[in-house]
Every structure is written in C-alpha cells, then in structure tokens.
Amino acid sequence: MALGHGLNVVAVMRSGEAGSALNESCTNMNGTKIDVHVGKIGDVYPHVDIFENVDVLLLDVDPTSSEEVAALNSIVSERFPDTPVVATAANASLQDVRHLMRLGVVDVVPQPVLPSDLGTAIEYAARSRSKGGGGDSSRGKIVSFLKAGGGV
C-alpha cells in the first residue's frame, strides 16, 4: 500500500471507535495525513472549512438515512465537486453501494476498514483527482454512429 506522496485526507467517522481504527490503519501510508472528525456527516457538514484544501474526503455514511445521503450528495455534487470522496459504510448492501457510487463517490470501503482496502481506495481517489476527475468534467460522452441501411 505505497502511496506516491503524502496526501491530506479528511475523514468523518460516525463513532470514536471507527475513528481510532482508521488511525491505526493509516500508520504505513507514506506520509499521508488523515484528520479524523467524529460525528455524522450532517453534524459535521455545516463546518465545511474542514473540507477545504484536502486531497481526498473519507466519509462514514449510513446509506439508509435520507439526511446523510442528502448531505453526501451535496458534498459530492455541489460543494466539493473537484474533491474525490471515498465512502465507508457498515453493513452496506450491494444496492446501497451502487446508490453511493451513482451519487459520485469514487469508492466504497466496507467496515471494519482494513488497511489494504483503505490504501487502495485513497490511492485510486488521489489518481482520479490528478487526472482531472471530479464534477461533471470527469463524465465521458459516447457518440454512436450506425449505418441506416440493412445488412449485418
């Protein structure tokens, strides 16, 4: 799990135990600094100054909470569209993961967070940012041309 350089990651975790486990998972991440805030996204979100000038956001979300999903959607699409967001969720179903991905998160890490999963997700998110990812500019466009005549 070797990241290319030190990254600035801000994490919002729902519990102190999850935050402690996250800090323990990050001991070998080549200078990557993870600033952990404990609370729900909706409680921490009004203090958007903590989300400024970060390379990656790691947000612990309850995908069954409409309030938390709405806050996540606002962060991803409106407030910080150029900052890659990695979500983490406890007991997330496949449908929950797909919904979070459709909102625009870069990756979803299951809980308990394993160091290898976290490192891979943060590295992928950082690469997506360096490629100019984020916002609508990262979405591709497909144009298809079909011959109107018969055959094939």
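## The nonpolar cores

The largest nonpolar core has 22 residues, and Phe51, Leu59 and Leu72 touch the most other members. A nonpolar core is a set of buried Ala, Val, Leu, Ile, Met, Phe, Trp, Tyr and Cys residues joined through side-chain atoms within 4.5 Å. Buried denotes under 20% relative accessible area, exposed over 50%, and partly exposed in between (1.4 Å probe, protein chains only). At least two residues of this core come from each of β1 (8-13), α2 (41-44), β3 (56-60), α3 (66-79), β4 (85-89) and α4 (94-103). Helices (H or I, at least four residues) and strands (E, at least two) are DSSP runs, numbered from the N terminus. Helix α3 provides the largest share of the core, five residues.

A second, separate core comprises 16 residues, including Val9, Val109, Leu118 and Ile122. In soluble globular proteins, nonpolar side chains tend to be buried together.

## Basis of the description

The model is predicted: local features need pLDDT of at least 70, side-chain atom pairs count only at pLDDT 80 or more, and totals for chains, interfaces and linings use all residues. Residues are numbered from 1 along each chain as its sequence is written, and side-chain values use heavy atoms, with hydrogens and water left out.

## The sheet

Five strands form an open sheet with parallel pairing, in the order β2-β1-β3-β4-β5. Two strands pair if DSSP finds at least two bridges between them. Strands β2 and β5 stand at the edges with a single partner strand each, so one side of each has no neighbour in the sheet. From one strand to the next, the twist averages 20°; axes are lines fitted to C-alpha atoms, for helices over the stretch in contact, and angles run from 0 to 180 degrees between N-to-C directions.

Strand β1 is largely enclosed by the rest of the structure, because five of its six residues are buried. It pairs with β2 (residues 33-38) over six bridges and with β3 over four bridges. Val10 stands opposite Asp35 in β2 and opposite Leu57 in β3, while the bridge partner of Ala11 in β3 is Leu58.

Helix α3 lies across β3 and β4 and runs at about 175° to β3; contact means heavy atoms within 4.5 Å.

## Two loops

Asn91 lies in the loop between β4 and α4. Its phi is near 55°, a positive value in a residue other than glycine. Asn91 is exposed, with a relative accessible area of 76%.

Pro112 lies in the loop between β5 (107-110) and α5 (115-130). The peptide bond from Gln111 to Pro112 is cis, with omega near 0°.
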